[in-house]
Amino acid sequence: MITELVLCASSMLAGIVNSIAGGGTLLTFPALVWTLGTSVGANATSTTVLFPGSLAAVWGYRRELKDQRKWIVPLLIPSLIGGFLGSWLVVSQPEKVFKQLVPWLILLATVLFLLQPLLTRWTGIGKPHQQPSPVVFGGIIFFQFLVALYGGYFGAGIGILMLSSLALMGVEDIHRMNALKSLLASAINGTSVLLFIIYDKVSWKFTIPMIVAAIAGGFLGASVARRLNKNLVRYAVIAIGFVLSACYFARS
């Protein structure tokens, strides 16, 4: 009972954090590692738990997606391929390989959240951009493949990377950017979930109640987002990330 309460609490907090600032994986993943004792199983279960939230975001942004059809297919293909390869690396490699990389993955995700304002200013998110040249667009597609590869392997922080690349593509409206980001993230995570299920890496005993808690957290976060300081939430996630990465480095 205590274990399930802790997991559901982490999942609800992840749903709240994802709806406000992002970074929910940094809450569900360590809680599941503590419970399951396996990093790969924790990663698979965490991805499965948070996947319905990304689908809900796609549905919420369905109107904005209608105006972005020219970008969907070119970016969806590398997202699916990269997500599949990243997830396949997780399930095909020995557990110890992923376990050794966990501290670095958490640290990378935390640094991405820390640098989010800098990336926003550098890429000019929400500001007018010229349409990318064929060379630049090809580079963006390759970058999306790398993001999907990382997303399929671990996933935390991919939203920040995708928003930066979408800004360089000339997508100015933040809602349209979030719509595309949500769709691409769903493609990456959906591919991962499918592979994790096929390879029997998901702990279904905890998945369903955690999904319910994450959805409830998402609704709660959306309702209180206007009254919370987004930066404070983001800094709290960053602090948790640095503490977790330090703990995993110490253990390894």
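This is a predicted model: local features need pLDDT of at least 70, side-chain atom pairs count only at pLDDT 80 or more; totals for chains, interfaces and linings use all residues.

Let me begin with a term: a residue is called buried when its relative accessible area is under 20%. Gly 155 has a relative accessible area of 14%, and it is therefore buried. Where is Gly 155 to be found? Gly 155 lies in the loop between H8 and helix H9, the latter spanning 158-168. In space, its C-alpha is 9.8 Å from that of Ile 106, although 49 residues separate Gly 155 and Ile 106 in sequence.

I turn now to the packing of two helices. Two packed helices are described by the angle between their axes and the distance between the axes. Helix H2 covers residues 25-36 and helix H3 covers residues 39-60; they pack at an angle of about 135°, and their axes are 8 Å apart. Because angles over 145 degrees would count as roughly antiparallel and 65 to 115 as roughly perpendicular, H2 is oblique to H3. The crossing in which H2 passes H3 is right-handed.

Which residues make this contact? On the H2 side they are Thr 25, Thr 28, Phe 29, Leu 32, Val 33 and Leu 36. On the H3 side they are Ser 39, Gly 41, Ala 42, Asn 43, Thr 45, Ser 46 and Leu 50. Sorted by class, the contact of H2 with H3 comprises six nonpolar and seven polar residues, with no charged residues.

How many aromatic pairs does a search of the whole structure find? The search finds five. In one of them, Phe 29 and Phe 98 are edge-to-face, with 6.5 Å from centre to centre and 80° between the planes. This pair links distant parts of the chain, since Phe 29 belongs to helix H2 and Phe 98 to helix H6 (residues 95-114), 69 residues apart. Both of these residues, Phe 29 and Phe 98, are buried.

Phe 98 also pairs with Tyr 153: their ring centres are 5.4 Å apart and their planes stand at 55°, so this pair is tilted. Here too distant parts of the chain are linked, with Phe 98 in helix H6 and Tyr 153 in helix H8 (residues 134-153), 55 residues apart. Tyr 153 is buried, as is Phe 98.

To bring the rings together, one aromatic cluster is formed by Phe 29, Phe 98, Tyr 153 and Phe 154.

Key: Residues are numbered from 1 along each chain as its sequence is written. Side-chain values use heavy atoms; hydrogens and water are left out. Axes are lines fitted to C-alpha atoms, for helices over the stretch in contact, and angles run from 0 to 180 degrees between N-to-C directions. Helices (H or I, at least four residues) and strands (E, at least two) are DSSP runs, numbered from the N terminus. Angles under 35 degrees count as roughly parallel, over 145 as roughly antiparallel, 65 to 115 as roughly perpendicular and the rest as oblique. A crossing is left-handed if the near helix is turned anticlockwise from the far one by less than a right angle, and right-handed if clockwise. Contact means heavy atoms within 4.5 Å. Ala, Val, Leu, Ile, Met, Phe, Trp, Tyr, Cys and Pro count as nonpolar, Asp, Glu, Lys and Arg as charged, and the others, Gly among them, as polar. Rings of Phe, Tyr and Trp (its six-membered ring) pair if their centres lie within 6.5 Å; planes under 30 degrees apart count as stacked, over 60 as edge-to-face and the rest as tilted. Buried means under 20% relative accessible area, exposed over 50%, partly exposed in between (1.4 Å probe, protein chains only).
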